[in-house]
Amino acid sequence: MSMSTRNETRVSIYTDGACSGNPGPGGWAALLFWRDQQREISGFVQEATNQRMELTAAMRGLEALKRPCAVDLYSDSAYLINAFQRKWLAGWKRNGWMNSKKEPVANQDLWETLFELAGTHDVVWHKVKGHADNAHNNRCDELARGEIRKNT
């Protein structure tokens, strides 16, 4: 797909994950914006960690796209954003999924999927402050926590 086509298909995705206990029941949510359309998606996992839910939210948001897009992805997870912005993910992959301490990278299954999805799309990763004045991030938090409440 040409870059001009991707630019015409610019999508914004806001994501958040939540956990009741860590580990414990978890919820994730994503808001997708394209032109004047908005879509909310969310889900529940019986046993999760907060980090797994943050990664799942981003993964599910990107998976919801029907074709390669230019994506602005917003998250309050420094773990997620730094892995891409600071090239941690590329280093982990290059080092056989070992971190800088020579230990296996946590959540490798989700990272592998996210790495593949990020390669399909032209993603710009944005860190937002959690539980602050970002209405879209707050809505994702509300949806993710709502998944935990309705499923436990």
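By class, the residues lining the largest pocket are 7 nonpolar, 3 polar and 3 charged. The pocket itself has a volume of about 290 Å³. There are 13 lining residues, and those closest to the centre of the pocket are W34, Q37, A64, L65 and K66. Two strands, strand 2 (24–34) and strand 3 (37–48), each supply at least two residues of that lining. Please keep in mind that this is a predicted model.

In what order do the strands lie? The order is 3-2-1-4-5, in an open sheet of 5 strands with mixed pairing. At the edges are strand 3 and strand 5 (122–127), each of which pairs on one side only. Direction ignored, neighbouring strands of this sheet are turned by 20° against each other on average. As background, strands of a sheet pair through backbone hydrogen bonds, and the pairing is either parallel or antiparallel. Within strand 5, D122 is the bridge partner of A70.

What lies across this sheet? Helix 2, residues 50–63, lies across strand 1 (10–19), strand 2, strand 3, strand 4 and strand 5. Its angle to strand 1 is about 155°.

Now the loops, beginning with the one between strand 1 and strand 2, where P23 is placed. The peptide bond from N22 to P23 is cis, with omega near 15°.

The loop between strand 2 and strand 3 holds R35. Phi of R35 is near 50°, which is a positive value in a residue other than glycine. Is R35 buried or exposed? R35 has a relative accessible area of 66%, and the cut-off for exposed is over 50%, so R35 is exposed.

K87, in the loop between helix 3 (78–85) and helix 4 (88–94), also has a positive phi, near 65°, and is likewise not a glycine. K87 counts as exposed because its relative accessibility is 57%.

Last, R67, which sits in the loop between helix 2 and strand 4. At 40% relative accessibility, R67 falls between the cut-offs of 20% and 50%, so R67 counts as partly exposed. How far apart are R67 and N95? In sequence they are 28 residues apart, and in space 30 Å, C-alpha to C-alpha.

That is the end of my tour.

Conventions
Residues are numbered from 1 along each chain as its sequence is written. This is a predicted model: local features need pLDDT of at least 70, side-chain atom pairs count only at pLDDT 80 or more; totals for chains, interfaces and linings use all residues. Side-chain values use heavy atoms; hydrogens and water are left out. On a 1 Å grid over the protein atoms alone, a cavity is a set of points where a 1.4 Å probe fits but cannot get out, and a pocket is an open set with protein on both sides within 12 Å along at least five of seven lines; lining residues have an atom within 4 Å of a point. Grid points are joined across faces, edges and corners, and a volume is the space filled by probe spheres set on the points. Helices (H or I, at least four residues) and strands (E, at least two) are DSSP runs, numbered from the N terminus. Ala, Val, Leu, Ile, Met, Phe, Trp, Tyr, Cys and Pro count as nonpolar, Asp, Glu, Lys and Arg as charged, and the others, Gly among them, as polar. Two strands pair if DSSP finds at least two bridges between them. Axes are lines fitted to C-alpha atoms, for helices over the stretch in contact, and angles run from 0 to 180 degrees between N-to-C directions. Contact means heavy atoms within 4.5 Å. Buried means under 20% relative accessible area, exposed over 50%, partly exposed in between (1.4 Å probe, protein chains only).
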